[in-house]
Amino acid sequence: MSSKEKPTLGGTRIRTRKRNIAAPLDPSTFADAVVQIYLDNAGDLDLVAKSVESSDLNFSRYGDTFFEVVFTGGRTQPGTTKPDEGECHSYSIIDCEPKHEAILPSVLYIQKILRRRPFLIKNLENVMRRFLQSLELFEENERKKLAIFTALTFSQKLSGLPPETVFQPLLKDNLVAKGIVLSFITDFFKEYLADNSVDDLILLLKRGKMEDNLLEFFPSAKRSAEGFSEHFNKAGLTSLVEYNEKKMFEVKLKEMKSALTTQIAEETDTSEIIETVKQHVKDAKLPDIEVVRILWDVIMDAVQWSGKNQQQNANSALRQVKTWAKLLNTFCSNGKLELELLYKVQIQCYDDAKLIKLFPEIVRSLYEQDVLAEDTILLWFRKGTNPKGRQTFVKALEPFVNWLEEAEEED
């Protein structure tokens, strides 16, 4: 008999680790379970919240589905806003009346859920973004409910919801062109401003990177300052219109100041600068008083000041006044505007330590260059109303005023 061992079959056993086996997704069953919680508690959101908190449902996997049920009453399919053939309830946000008091409980309910499960904020963002990008699929009344809900989430400071989640998805060209976005954002503004100030709204828009882009909510045909004012005045949002007009006014002033700063620094011909100012006044409808204030600021900003040499500072300031006297004279066209210029000089000399002793010399120079009339100076001296440094400046100007009065008597 052979002593050789008989051959045997050998090999390696392949084991499948159980954690690598993915459980099948079943959002329909999850949605039905959440719907049943609503039905079991007859839509009482306090009881629903308690049941949701105590349930062992997999919210980390089906968070989007949960908020679909909250918003629409059931699970929605991609590209739709209506629940599919699964279980549904009639206590959703879309089923509410389009009123503050009807929708607020849903916001507070979601707030409770997020406190226990803060990770769901991302799912809320996902669902809101998807619905806002699909606003045309909702009926007008449903869009209003979404707008009220969205405004209340910010009024109630819903945990962690970033404003850009709301504002950026709205800027789809087709939604804007149809006026759907403008209608939605108008309802949003109305609801938000019912409990908050315009400053609060602007801060919210700034966080959402929309503060300077409000016209982007308008269809292109209505995208103008006039269209903005007309629309929101009609909607009763006059505070928002006033804010926007003030902001646009400040922008136009800034633009004119920037243009004048460049021209004066480059010593552009006075007649050309005058035309620049007139064009800005015409285009932006700037009041004469603001023009005078800006002109003085720009002229004095261009002075090359010396650190401690008072005489050199005086010479530089007076030289600047003389150089641009024609420009000032053109726009100080009456006593009221001359007085405004004098107040502007007074405030600047009071606020700037190196100018405080130059006040009488600047006033005298403006008089000699025919920018300020004698009557204007005497009116300021006798009845000026601005208190800033007035006592000091009146005393400093007294010798010049006495000279004016003596010259007047001799005439």
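1. In helix 3, the residues Gly63, Asp64, Phe67, Glu68, Phe71 and Thr72 meet Asn123, Leu124, Asn126, Val127, Met128, Arg130 and Phe131 of helix 5. Helix 3 spans residues 59-72 and helix 5 spans residues 121-132; their axes come within 8 Å and cross at roughly 55°. That angle makes helix 3 oblique to helix 5. The crossing of helix 3 past helix 5 is right-handed.

2. The protein chain has an average pLDDT of 88, and 91% of the residues score at least 70. Confidence is highest in helix 9 (residues 180-195), with a mean of 96, and lowest in helix 7 (residues 164-167), with a mean of 85. Over residues 18-24, however, the pLDDT is below 50, and this stretch has 4 contacts in the model beyond near neighbours in sequence. Where pLDDT is low, the predicted coordinates should not be read in detail.

3. From helix 6 the contact draws on Arg143, Lys144, Leu146, Ala147, Ile148, Thr150, Ala151, Leu152, Phe154 and Ser155. From helix 9 it draws on Ile180, Phe184, Asp187, Phe188, Glu191 and Tyr192.

4. Helix 9 also takes part in covering helix 11. The buried residues of helix 11 (residues 225-234) are Gly227, Phe228, Ser229 and Phe232. Among the elements that cover these buried residues are helix 9 and helix 12 (238-265). Just after helix 11, Gly236 adopts a positive phi of about 85°.

5. Asn313 belongs to helix 15 (residues 310-323). With a relative accessibility of 1%, Asn313 counts as buried. Neighbours within four places in sequence aside, Asn313 is in contact with Trp305, Ser306, Lys354 and Leu358.

6. Phe359 lies in helix 18 (residues 359-368). Phe359 counts as buried because its relative accessibility is 0%. Leaving aside neighbours within four places in sequence, its contacts are Leu342, Val345, Gln346, Cys349, Trp380, Phe393 and Leu397. Phe359 and Val394 are 35 residues apart along the chain, and their C-alpha atoms are separated by 9.7 Å.

7. How many disulfides does a search of the whole structure find? The search finds 0. Cys332 is in no disulfide, and the nearest cysteine sulfur, that of Cys349, is 15 Å away. A disulfide is a covalent bond between the sulfur atoms of two cysteines. The cut-off for counting such a pair is 2.5 Å between the sulfur atoms. The closest cysteine sulfur to that of Cys349 is in Cys332, and at 15 Å it is too far for a bond.

8. Are Cys332 and Cys349 buried or exposed? Cys332 is buried, with a relative accessible area of 3%. Cys349 is likewise buried, with a relative accessible area of 1%.

Key:
Residues numbered from 1 in each chain as written. Predicted model: local features only at pLDDT ≥ 70, side-chain atom pairs only at ≥ 80, totals over all residues. Heavy atoms only, no water. Buried < 20%, exposed > 50% of the residue type's maximum accessible area, 1.4 Å probe, protein only. pLDDT = per-residue confidence, 0-100. Helix = DSSP H or I, 4+ residues; strand = E, 2+ residues; numbered from the N terminus. Contact = heavy atoms within 4.5 Å. Axes fitted to C-alpha atoms, helices over the stretch in contact; angles between N-to-C directions. Parallel < 35°, antiparallel > 145°, perpendicular 65-115°, else oblique. Left-handed = near helix turned anticlockwise from the far one by under 90°.
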